[in-house]
Amino acid sequence: VYSWTGFYVGGHFGYGWGSDPIIFTPDLNYAPAMAAGIIPSSLADNPKGVLGGIQYGTNWQFNRVVLGLESDFSFSDIKASQTLVTTVTPTAVTNFGEQKLTWFSTTRGRAGFTITDNLLLYGTGGLAAGRASASSSFTASGCAGVGLCPAGTETKSLWGWTAGGGLEYGVGHWSVKIEYLHYDLGH
């Protein structure tokens, strides 16, 4: 009989995606340009990319029920960038935005049911954290000399939650799983 009880450590790889763009809040200097559509209200939506990292945890099995705790850390190349050119007769304005999630991690509880001795169906959820960066610039001919080309970069740690589920198959001292996790790290 296969036993799910015990400590484990392993690696993972996958693919991630999001839907949030970089959203710009107008200040007094640039609100008219945003209202006129010269500077967009958002850029670089739908980030996506590969990820990979390590995970570890502990399981306890009670007949067909498996309970556990798991943590993971992933390096990420989930990113999006966009360049949009708008025109103000006769000048063209180049709007650029880029966002990237460089790493993220979770600490989660896990509860599952063994469909067969070595096939586990489970749900999981818990805390999530990540490091995200966003940068943007808006340039037009002649604006750099008078200091009117807005640009900025921000990098910050984000905290939130994650939930999902998966199917794990164990053989001997090894297991392989497929898992889906939804992350919400805020904005």
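1. Salt bridges. Nine salt bridges are present in the structure, a salt bridge being a side-chain nitrogen of Lys or Arg within 4 Å of a carboxyl oxygen of Asp or Glu. This is a predicted model, in which local features need pLDDT of at least 70 and side-chain atom pairs count only at pLDDT 80 or more, whereas totals for chains, interfaces and linings use all residues. Residues are numbered from 1 along each chain as its sequence is written, and side-chain values use heavy atoms, with hydrogens and water left out.

2. The pair Lys-177 and Glu-70. Lys-177 forms a salt bridge with Glu-70, and the closest N and O atoms are 3.0 Å apart. Lys-177 lies in strand β9 and Glu-70 in strand β5 (residues 65–88), so the pair ties together parts that are 107 residues apart in sequence. Strands here are DSSP runs (E, at least two residues), as helices are (H or I, at least four), numbered from the N terminus. Glu-70 is buried, with a relative accessible area of 2%, whereas Lys-177 is partly exposed at 24%; buried means under 20% relative accessible area, exposed over 50%, and partly exposed in between (1.4 Å probe, protein chains only).

3. The network around Lys-177. Lys-177 also meets Glu-179 in a salt bridge between their side chains, at 3.8 Å from N to O, and Glu-179 is partly exposed, with a relative accessible area of 29%. A network of salt bridges links Glu-70, Asp-72, Arg-108, Lys-177 and Glu-179. As background, side chains of opposite charge can pair when their charged atoms come close.

4. The pair Asp-77 and Lys-100. The side chains of Asp-77 and Lys-100 form a salt bridge with an N to O distance of 3.6 Å. Asp-77 lies in strand β5 and Lys-100 in strand β6, so this pair ties together parts that are 23 residues apart in sequence. Asp-77 is partly exposed, with a relative accessible area of 30%, and Lys-100 counts as partly exposed at 29%.

5. Ser-105 and its surroundings. Ser-105 is found in strand β6 (residues 91–116) and counts as buried, at 19% relative accessibility. When residues up to four places away in sequence are not counted, Ser-105 touches Asp-72, Phe-73, Leu-127, Ala-128 and Ala-129, where contact means heavy atoms within 4.5 Å. The C-alpha atoms of Ser-105 and Ser-74 are separated by 6.0 Å, although these residues are 31 apart along the chain.

6. Pairing of β6 and β7. Strands β6 and β7 pair in the antiparallel sense over 22 bridges, two strands being paired if DSSP finds at least two bridges between them. They form a hairpin with two residues between them, and the bridge partner of Asn-95 in β7 is Phe-138.

7. Strand β7 (residues 119–140) pairs with strand β8 (residues 151–171) in the antiparallel sense over 19 bridges; in β8, the bridge partner of Ser-135 is Thr-153, and that of Thr-124 is Gly-164. Strand β8 is in turn joined to strand β9 (residues 174–184) by 11 bridges, and these strands run antiparallel. The bridge partner of Glu-168 in β9 is Lys-177, the residue that also pairs with Glu-70 in a salt bridge. β8 and β9 form a hairpin with two residues between them, and Gly-172 in the turn has a positive phi of about 60 degrees.

8. Nonpolar cores. The largest nonpolar core has 10 residues in all, among them Ile-22, Phe-24, Tyr-30, Met-34, Ala-80 and Phe-138. A second, separate core of eight residues includes Ile-78, Leu-101, Leu-158 and Leu-185. A nonpolar core is a set of buried Ala, Val, Leu, Ile, Met, Phe, Trp, Tyr and Cys residues joined through side-chain atoms within 4.5 Å.

9. Nonpolar surface patch. A nonpolar patch on the surface, with about 950 Å² of accessible area together, includes Trp-60, Phe-62, Val-65, Phe-113, Leu-167 and Ile-178. Patches are made of residues with over 30% relative accessible area and no salt bridge, with nonpolar side chains (Val, Leu, Ile, Met, Phe, Trp, Tyr) joined within 5 Å and like charges within 9 Å; accessible areas come from the Shrake-Rupley method with a 1.4 Å probe, and for residues only the protein chains shown count as cover. β4 (48–62), β5 and β6 each supply at least two residues of the patch, and the largest share, three residues, comes from β5. Ile-178 lies in strand β9 and is exposed, with a relative accessible area of 63%.
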